[in-house]
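Student: I would like to learn how to read a few features of a model. Please take them one at a time.

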Amino acid sequence: MSHADPFPLQPAPIHVPDAVLADLRQRLALTRWPEDVGNDDRYYGVDRGYLQELVEYWQHEYDWRRAEAAINAYDNYLVDVDGVPVHFLRKPGVGPNPIPLILTHGWPWTFWHWSKVIDPLADPGAYGGDPADAFDVIVPSFPGFGFSSPLSKHPDMNFWKVADLWHTLMTEILGYPKYAAAGCDVGALVTGQLGHKYADELYAIHIGSGQKLTLFEGDRAWDITGGRPIPDGLPKDVYDRIIELERRFGVHLAAHVLEPSTLAFGLSDSPAGMLAWILQRWMAWSDDGGDIETVFTKDDLLTHAMIFWVTNSIGTSIRTYANNNRYPWTPSHDRDPVIEAPTGITFVGYENPPGVTTAARVEHFRAGDRGPWYNHVNLTAHDQGGHFIPWEIPDLWTRDLRRTFRGRR
């Protein structure tokens, strides 16, 4: 598809039925609260005080129709890709030569976590940037998440299968002969797989953190250490950082890889329970200084939660972890680097590895076992920012991404 061609699909605005919203309000009103004495410091996880405050706000004040209108300010589309329902929104590029860019989120993200960067990426001139950096921005919901559901025919969906779907969407359905890709969290693995399998049809990729595509392989994929003990004799700060990161990421990995269905019954039945599970990740993974509302307002938190709730997709979203392990990634070629597409990476300080400063982060990556996987052309580390990079530091992410694609259009 050239820039002059009409877009080949008709928009389909999202609309949640009133009955779904009425059912939600009733469930919120009937929430049965557990005893949670002695958890003011959140040692045991999400505390009842804040969760109850959020649930009451959700029930009485939060306005989904307002959020829906903000989402529908963009053109939304729903398309069948090889039997998988795929929702995406699009913002056409404004500039002399916009190139298509597909943005892939992870868990517990939604497509709306990209909302702060969509307009600056599509229309840089309106945000103090160079119109030559414009992209035709495509933002899908990960299959099994939100409006890319239900996944009734594809219970085996995982990150590398999504990469194949994205390539079909971009090249066959939308007709782009070549495109750009970016992603964070598991979306960075999807993007890395695109850069591995389809490098010739990509301008470049830009990701947050550079993991190996084998991340979820092995008998102990649910253990972030891979079953390795912590070495003896480490400096206290390094040891403490290891424990901190294990506590931050260990719980959901174990549950999602080992028993996603068991968890899904509770999360799909109770909106307060679902919110608690994903709220803990947003609180623990954001660089929020202990106050989540410095990163996400109550309305923000609930809009993201609603996208999971109204589509009843929390179960299929968490099962992707088990499928990443159950259906292991296999390489499409044996060349080095594994990911041949030119790659930009944005690192954030809140996720610095144990004993590694922001100043040393890029060199640490280059020298480690992950660096050689990528054809990296633009590595940047920032002190600020947590796991939800385009939401937490949208200006820095946008600047980094534009730099990756300059001279590669």
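Student: Which side chains meet in a salt bridge at 2.5 Å, N to O?

Tutor: Side chains of opposite charge can pair when their charged atoms come close. A salt bridge here is a side-chain nitrogen of Lys or Arg within 4 Å of a carboxyl oxygen of Asp or Glu. The pair is Asp-240 and Lys-236. This is a predicted model, where local features need pLDDT of at least 70 and side-chain atom pairs count only at pLDDT 80 or more, while totals for chains, interfaces and linings use all residues. Residues are numbered from 1 along each chain as its sequence is written, and side-chain values use heavy atoms, leaving out hydrogens and water.

Student: Where do Asp-240 and Lys-236 lie relative to each other?

Tutor: Helices are DSSP runs of H or I with at least four residues, strands are runs of E with at least two, and both are numbered from the N terminus. Asp-240 and Lys-236 are four residues apart in helix H7 (residues 236-258), so about one helical turn separates them.

Student: Is Glu-68 buried or exposed?

Tutor: Buried means under 20% relative accessible area, exposed over 50%, and partly exposed in between (1.4 Å probe, protein chains only). Glu-68 is buried, at 5%. Its salt-bridge partner Arg-65, with closest N and O atoms 2.9 Å apart, is partly exposed at 26%.

Student: Which residues touch the most other members of the largest nonpolar core?

Tutor: In soluble globular proteins, nonpolar side chains tend to be buried together. A nonpolar core is a set of buried Ala, Val, Leu, Ile, Met, Phe, Trp, Tyr and Cys residues joined through side-chain atoms within 4.5 Å. The largest one has 126 residues, and Trp-64, Trp-107 and Leu-275 touch the most other members. Helix H9 (residues 271-285) gives the most to this core, with ten residues.

Student: How many helices and strands does the chain have?

Tutor: The chain has 14 helices and eight strands. Its radius of gyration, taken over C-alpha atoms, is 21 Å, close to the 22 Å that the globule rule gives for 409 residues, so the chain is as compact as a globular protein of that length. That rule is 2.2 Å times the number of residues to the power 0.38.

Student: Which residues does Thr-171 touch, not counting those up to four places away in sequence?

Tutor: Contact means heavy atoms within 4.5 Å. Thr-171 touches Tyr-176, Tyr-179 and Glu-201 on that count. Thr-171 is found in helix H5 (residues 159-173) and is buried at 18% relative accessibility.
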